[in-house]
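Here's a quick briefing to read with the model open beside you. Grab your viewer and follow along.

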Amino acid sequence: MTSVLRLCDVSVDYATPAGPRRVVDRVNLGLDPGGTLGLAGESGCGKTTLALAVLRLLPRTARVRGRVLLNEQDVSQLTWGGLRAVRWAGASVVFQGAMHALNPVRTVFDQIAEPVRVHSVERPAVSALRERVRELLERVELPPERARAYPHELSGGQRQRVMIAMALACEPSLVIADEPTTALDVVVQAQVMDVLRRAVRERGAALLMISHDLSVLAGTCHRLAVMYRGAVVEQGETARLVTAPEHRHTRELAAAFPTVGDAGSRHVDGSAGSEGRGNALLSARGVGVTFVDRSRTRTRAVRNVDLEVCADETVALVGQSGSGKTTLARTLLGLCRPDTGRVRYRGVEPGSSSGSLREFRRQVQLVAQDPTGALNPRHTVYEAVAEGLRIHRDVVGEAERVRAALEAAELRPAADFVGRFPHELSGGQRQRVVIAGALVLEPAVLVADEPVASLDATVRGEILELLLGLRRRRGLSVLVITHDLGLAWSIADRVAVMRAGELVEQGPVERVLTEPEHEYTRALLAAVPSLPRVVD
Amino acid sequence: MTDTLEHGRPHRSGTVPRTLGFVARKLGGAAVSLALVAVLGFFLFRVLPGDPARTMTRSAPVSAEQLAQLRHRFGLDQPLYVQFRDFLVNLARGDLGTSYTYNRPVTELIGERLGPTVLLVGTATVLAVLLGLWLGTRAAWRHGTATDRWFTSVGLTLWSVPTFWLGLLLLMAFGVGVGPLPGLFPVAGMSSPDVPPGVLPRVLDVGHHMVLPCVTLVAVIHAQFMMVMRSSLLEEMGAEYLTTARAKGLRDDAVRRGHAVPNALLPTVTLVFLHLGTVVAGAITVETVFSWPGLGLLTYEALRVPDLPLLQGTFVVLASSVIVMNTLAELLYRVLDPRVRA
Amino acid sequence: MTTGGPSADVRARRPSTLAEGWRAYRNERGGVFGLAVLVLVVLLALSAPLLTDPAGLDVTRVEDAPLQPPGAGHWLGTDESGRSVLLLTWWGARVSLLVGSCAAALSMVIGTLVGVTAAHFGGWTDTVLLRLTDFFLVLPALVLAIALSTVLSRGVFTIVLAIGVTSWPQTARLVRAQTLTVQTRPYVERARALGGGHRHVLGRHVLPAVLPLVFATTTLTVASAIIAESTLSFLGLGDPSRTSWGAMLKSAMDTGAVTAGAWWYLLPPGLGIAVVVLAFTLCGRALETVLNPRLRGEGR
């Protein structure tokens, strides 16, 4: 049986001033016609480079070794003309982030029809093209009048559907999907994956799918390959790989996405927190926030929200992006003024007097989503951590307190880190510095906005462990804002589900996530890709 | 089944009111700017000099009676707010006052000189834009090659040259002639006195006169258009949709023409219009060098005296026309760019 | 990840970013060339009073023949009053550089103040300042500068003022955009969440991030300010008591040097302007490339 794609000992090196840097290291992979292969790995492991190498789309500084056989044709031996003929007709790509992969000033029709036109021997009639585009849009479940739209008029999910329609335009024997749903919400992600799976299967095309999320791949692909630092460390049947992973890295990838409802991935003893709740530390009563954008359109980002964070508990605020959860967090932090309702800290409204705001700022601290951005690149770790103390003119014993905060955030020995700049640290270390910067003021509440979303799978666990440890040791209350129900399941006592600015349901994690009352919570749970439990 | 939990931007609905709102906002902005020009014109020429009559007679000795007479003639003996009111009322009627040197209405003088300037600046701008965009596209597409370096160096050098100096050099080399080289083009004015009658000979004569000033303007101003187009296209060249286009199997030139250039062109168009002010500046000196009977030369004649009413008139007219052109460009841009249109 | 390894001596390493910037700058061939030219021109301009006799600039004290072509006596010939063109050009550099730098500095101060204020305080302040900036951006700067220098008394200060108050809008736009970008960075949000006020955010985070780019733009503004200075002098609006390159070109035109074919009178001042402006432009572009990582990684 001939294969659609065969990679034999493929290596890719990038020329850098410091000499060649190996990004892909002797990879061997094969894909049969109509087969599905998932390629998993952390960011920077070389999976996208490998995908681009299939169609020779890498920049000139890249050097590819080994053989890439597409339909038994060696891609590196093709002439430019031959290569152009193979591109899209032989293998097409669904790129990551359709916002940027679609041309912003051309219509959907233009962009889908373009490859059909390019790969036709004779110039096809406009009516034939129109018919073809209509058919393709139907296949990805988009109304045909969307052909007239420009990319910015579409939602993220719709854009990704357009990308899929475009990829199918020339009926290729292979579709490469590079993180096709990464920027999308769980529910939309599930819908788009469904469309992709079905469209590819109907046409008998093979699918090579790339993702950092093993659970997304497991739901679609029959075979999986795990990449780590440029090399494929493990590959095999999906069922075997997720139930009995052999390589340490595969296990780490699988553990990074905890399964809702599985007792093994729940790290808190929920009974204590949910029943015997203390007084509310931070509370929102009837909070509403409205934005007015430039075209005077009013957007009600948060409506009538009641939420409490009590002493010694972890609350998870979950919702899709755009649901208003970050706005709510900013309002709770006093960075954004509510139009209606009140935010109180220990029963006092911050900002009612200048002293209360100052005190509030010490007690409620933020841990932002992206630790790389949250640290000023010009400041050392010491300056970043001491910033809070200096703002509050509380500089007695500064050096000692900074050291203690760093050690509390498990950056030991602190002396090794104080003099470094953010670019000299890893992502996980940066997030620890941000946490230390919050801890130095000895707050009572930590508001963590997607604290691990930008971190690699292997580091996530460590940071979550740190947050859990802080709560155990210091009784610190944490409000975690996340789109990831698995994360809520693994560390929170209570969960609040937000949709379009409103809280639709809140309660103890065990109840809300296993017996949801609201249909939206059910929809969210159903959309979460799940992985058969990994045997440790 | 469509996306149940997300919605695209409202499709086409509400586009018309939003466009109307946009047009109204732009026109309102332009009106504010024009009002500011009027205020600035008054402030600059009536308030700032303290005594405009003395400023105007700086170069000549005058008696106290003459000064008083002059003040009365220009209404300078009135309180400032009365002067401002009269200025606004007259401006609304299209009356910009009377020239001190020519003893004729400023509006009339400006009207006479408008045509030649529009002809010269218009032709030069169109040529410079076309040349600049073409060179910029080629330079960006061959980024890092000898072509790019050559285009960029020539462009930067021309941009660094004062317009009037280039004009003087061209005037000397091709107007007057250097050494054995005879003068090929007229040195001053826009027409010769001894032209045979008929439309064609006169058009050719004006064209002949226009070559040197036009070349000077184009040489200097095309450079900035080129640099803008180049950097704008370079920015687009890293864009991911170009990888998509290449992956589709398009030829390189189709990728460039069909995808990169249309995207790069739009920001360039705005910048081109923002640079209209520099074109006007160039026109003033070039008209001075080549004695081209336009608004620029009129400005130069006015500032030598200085003839404040005339200078005020040219200031208001030049500034307003640039503002009007810019507003038109912004409205046009709205039509061209789908991203802004929706 | 750890490039430098742990080291406690921060003070010793902070300049290393400066040294790194210099290393990146050295890769910009145009920038290095421009810088070398500038150093040379500035040294020459400063040394003019030491190496030459200013008496040669005084029309009443020279006795050489007017409009003499270059020769043994005068390497670059003489002007319409018999003064050495070389001497005039040498001294002219002083005015051009002085006016250019002062006007650019003035425009930098105005532009930075307006830009930072607009972006940081937002709301009505932003609307009004942005409207004003756009107005001055569109307004033909030279026309306004001509008006200002006509009504004010002639002098170097007037020229600096006229150019300074007409050339700030670009800087203001850039600073505003850059400030807005910096303010969306999570570290500013973090500083505010820690309790930092306007002064803390501006002083510790915004200004240090914005100023390098302001510096690069100012270098470019010097270039356009020198052109503006020469243009105003050429139109007869300069300081009549000082020799500048623009004023030389004006007298060349007024006294018929052009029609007489006196190229030696025309070339040196013009080349002087072109070389200095080009040098500043090259330096500014190189600085921008070094400071703006987006431009640094341009093209594939």
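The notes below go topic by topic through chains A, B and C.

Keep in mind that this is a predicted model. Chain A comes in two domains, chain B touches chain A through 28 of its residues, and chain C is built from 12 helices with zero strands.

**Chain A: two domains**

- Domain 1 of chain A covers 35–55 + 79–256, and domain 2 takes in 277–527.
- Where they meet, 12 residues from domain 1 of chain A are in contact with 11 from domain 2 of chain A.
- On the domain 1 side of that meeting point, helix H7 (186–202) and helix H10 (248–255) of chain A are the elements giving two or more residues.
- H7(A) gives the most to that side, with four residues.
- Sorted by class, the domain 1 side of chain A has six nonpolar, three polar and three charged residues.

**Chain B against chain A**

- The contact between these chains pairs 28 residues of chain B with 34 residues of chain A.
- From chain B, helix H9 (240–247), helix H10 (252–274) and helix H14 (338–341) each supply at least two residues to the side touching chain A.
- H9(B) gives the most there, with six residues.
- The chain B side has nine nonpolar, nine polar and 10 charged residues.

**Chain B: helix H6 and its neighbours**

- Helix H6 of chain B has 15 residues (146–160), so at 1.5 Å a residue it should span 21 Å; its end C-alpha atoms are 21 Å apart, which agrees.
- Its buried residues are B:Phe151, B:Thr152, B:Gly155, B:Leu158, B:Trp159 and B:Ser160.
- What do those buried residues of H6(B) pack against? Within chain B, they pack against helix H5 (106–141) and helix H8 (199–237).
- They also pack against helix H9 (198–234) and helix H11 (263–291) of chain C.

**Chain B: annotated spans**

- An unreviewed UniProt entry lists residues 27–48, 114–135, 156–176, 210–228, 264–290 and 310–333 of chain B under "transmembrane region".
- In the model, residues 156–176 of chain B are 90% helix and 0% strand, with end C-alpha atoms 28 Å apart.
- Residues 310–333 of chain B are 100% helix and 0% strand, and the end C-alpha atoms of this span lie 34 Å apart.

**Chain B: a look at B:Val39**

- You'll find B:Val39 in helix H1 of chain B, which runs over residues 15–47.
- Is B:Val39 buried, exposed or partly exposed? Its C-beta has 13 other C-beta atoms within 10 Å, so B:Val39 counts as partly exposed; a buried residue would need 20 or more, and an exposed one 12 or fewer.
- B:Val39 and B:Phe84 sit 45 residues apart in sequence, while their C-alpha atoms are 8.6 Å apart in space.

**Chain C: the overall picture**

- Read along the sequence, chain C goes α-α-α-α-α-α-α-α-α-α-α-α.
- Its C-alpha trace spans about 75 × 45 × 40 Å along the principal axes.
- Of the 300 residues in chain C, 50% are buried.
- Take the contacts in chain C between residues at least 6 apart in sequence: 69% of them join residues at least 24 apart.

Note on methods:
Residues numbered from 1 in each chain as written. Chains lettered and ligands numbered in written order. Predicted model: local features only at pLDDT ≥ 70, side-chain atom pairs only at ≥ 80, totals over all residues. Expected span 1.5 Å × (residues − 1). Contact = placed C-beta atoms within 7 Å. Domains from an automatic or database assignment. Nonpolar A, V, L, I, M, F, W, Y, C, P; charged D, E, K, R; others polar. UniProt positions renumbered as here; feature names shortened; annotations may be inferred.
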